[in-house]
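These are my notebook entries on one protein model.

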Amino acid sequence: MSALRDPVEAPSSGDGGPRNDGPKEGGAGEGGAGDDTAAYDLFIIGGGVNGAGIARDAAGRGMKVALCDKGDFASATSSASTKLIHGGLRYLEYYEFALVRKALIERETLLRAAPHIIWPLRFVLPHDKGQRPVWMLRAGLFLYDHLGGRKILPPTTSLNLRKTPQGAPLKDAYTFGFEYSDCWVDDARLVILNLLDAKERGAAVMPRTAFVGAARVAGGWRVRLRDRRGGERIVRARAIVNAAGPWVSDVLANAGNTGGRSSSTLRLVKGSHVIVRKLYDGDHAYIFQNPDGRIQFAIPYERDYTLLGTTDIPYDGDKDRVVASAEECAYTLAMARDYFRAELSPDDIVHTYSGVRPLYDDAQSKSASAVTRDYVFELDGGGAEDGAAAPILSVFGGKITTYRVLAEAALKKLEPLLGASGRPWTRDAPLPGGDIPGADFDGFLDEARAAYPWLPERGLYRLARQYGTRLRAVLGDAASMADLGRDFSPSGGMAFTEAEAEYLVDAEWAMTADDILWRRTKLGLHLTGDEAAAVEAWLAAQVPDAERRPGKGHDGSDDGAAAQAAGEAAGQASG
């Protein structure tokens, strides 16, 4: 039977959770001022991976769920990660065995759930004689292989870097190393797929809808929202989940009857990444040790590029405008030059992105790198032990790999106050497009080639990776490129057409060129300036009131700022 699904079937209980049509009023988040009659069991603030995961899980249990985000979904931390599903090898040094085990178990769970956007990746760890000794690396990797019950991914192996292709791009000083397994993920699409599933199970999903404030009332909360046009509205909810990431404390400050304070402390840590032209052949990644104790990844990215990062820097700046500094660019390039033969300079930087990790401050970790990546909940039940008052659950910390178990834990935390909400169901349920038989993406790709032989190979691969079994929902009954409308990517054969753009606007909440080119896809790296401008012009005609910010990157930085940072990095690198 074909794995290419017809557009788009609503999930049934056979998919792991029931469909819930939910309240009809207010679902779009575009209404004017006034008091909606919509009443939800759970109102979630924050459209990053944690909020999206909680929305999906709760909707699948039959709860009436709504979620809002003041911007586009995954427009902050959740699209600015290193894009890995991993246990976190370096966390073993901080004795975070429970976190690593939890993440390692989830690694293969998520790989099965979404094999189109998550795939295995081998990491080469060269031994640096001035860093951690071989016995320590070997012991850590033994634990890493066995702590999480690995079943799918291959185990660690030793490498003679003088005789293997993995050693070719490295300097002669690196003669021995290890190769171990983790996974790659398209982080922004992971968020969108969770939200698509939540919506199809009845959740109201509201992009570009800001949380203004909330007040406890009899039986729950009155939540005030503001849409992108400035219209305000009220919805009611029995409970609130504050999954606002870096803005979690701001949400608490605007939630009445909570005192505006938290007993938990948020520690903001900025992580920046640099994208350069491809540094080496092969589909493996590298993990490098640095004398300051940090590690850095070099990862194949979008076929033509290498992703380098990340930094860990305490951050107290504008959370709405986070950019990679010249110092971070210089640091990242210098670390790569320590290992690679290639002589990298700021001129090699194609793009940068930066995000703020909202970590739980345990008041014990001295460095930003040592702060725990595990999640912590703070539950304010309003002082009522019997559940009469409306609870608000705030989420601190967490990592993308553990978002699904975080969602299960959040609903378990709320259960004593809200009552039973159904059983956990997401562990064995595929995400939209991920129901590929046997999680065999290569087999699915062959099937897609047979179904669409007229698509350029590179474009077909991109489309299969992004949409999985829902590829037919994008392409419909097209029998040629001409059937898909205008081709926005003629120079690179990426097969980005009007049909796909319409799908992203209609089905995935895209409204701006940034939404499409940097989050729903990564085509911003592949399109020429004229091609990107054509997408912008097309959107202007299709979505005339969209918030357009020409020249902005998906991290909020503009091209001029990136150029200035690269120039400053050049000065530092030469000094």
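**Entry 1: basis.** I worked from a predicted model, in which local features need pLDDT of at least 70, side-chain atom pairs count only at pLDDT 80 or more, and totals for chains, interfaces and linings use all residues. Residues are numbered from 1 along each chain as its sequence is written, and side-chain values use heavy atoms, with hydrogens and water left out.

**Entry 2: overall.** I recorded 14 helices and 18 strands for the protein. Helices (H or I, at least four residues) and strands (E, at least two) are DSSP runs, numbered from the N terminus. Of the 575 residues, 59% are buried; the term means under 20% relative accessible area, with exposed being over 50% and partly exposed in between (1.4 Å probe, protein chains only). Among contacts with a separation of 6 or more, 74% link residues 24 or more positions apart, a contact being heavy atoms within 4.5 Å.

**Entry 3: α8 and α9.** I then examined helix α8 (residues 441-451) and helix α9 (residues 457-467), whose axes come within 10 Å and cross at roughly 125°. Axes are lines fitted to C-alpha atoms, for helices over the stretch in contact, and angles run from 0 to 180 degrees between N-to-C directions. The two helices α8 and α9 are therefore oblique to each other; angles under 35 degrees count as roughly parallel, over 145 as roughly antiparallel, 65 to 115 as roughly perpendicular, and the rest as oblique. From α8, F441, F444, L445, A448 and R449 meet E457, L460, Y461, A464 and R465 of α9. By class, the residues of this contact are 7 nonpolar, no polar and 3 charged. Ala, Val, Leu, Ile, Met, Phe, Trp, Tyr, Cys and Pro count as nonpolar, Asp, Glu, Lys and Arg as charged, and the others, Gly among them, as polar.

**Entry 4: α12 and α13.** Helix α12 (residues 513-520) packs with helix α13 (residues 529-542) at an angle of about 130°, their axes being 9 Å apart. On the α12 side, A513, I516 and L517 meet A532, V535, E536 and L539 of α13. This contact of α12 with α13 has 6 nonpolar, no polar and 1 charged residues.

**Entry 5: α2.** I compared the length of helix α2 (residues 97-113) with expectation: at 1.5 Å a residue its 17 residues should span 24 Å, and the end C-alpha atoms are 24 Å apart, which agrees. The expected span is 1.5 Å times one less than the number of residues. Buried residues of α2 include L99, V100, A103, L104, L110 and L111. The buried residues of α2 pack against β3 (84-85), β4 (118-126), α3 (134-146), β6 (176-185) and α7 (403-418).

**Entry 6: C68.** I located C68 in strand β2 (residues 65-68). At 1% relative accessibility, C68 counts as buried. Leaving aside residues up to four places away in sequence, C68 touches F43, I44, I45, G46, G47, M206, T209, F211 and L225.

**Entry 7: backbone.** Which residues does a cis peptide bond join? I found G309 and T310, with omega about 20°; T310 is placed in the loop between β14 (305-309) and β15 (313-314). A495 has a positive phi of about 55° although it is not a glycine, and it is buried, with a relative accessible area of 3%. W509, also not a glycine, has a positive phi of about 65° and lies in the loop between α11 and α12. I noted W509 as buried at a relative accessible area of 11%.
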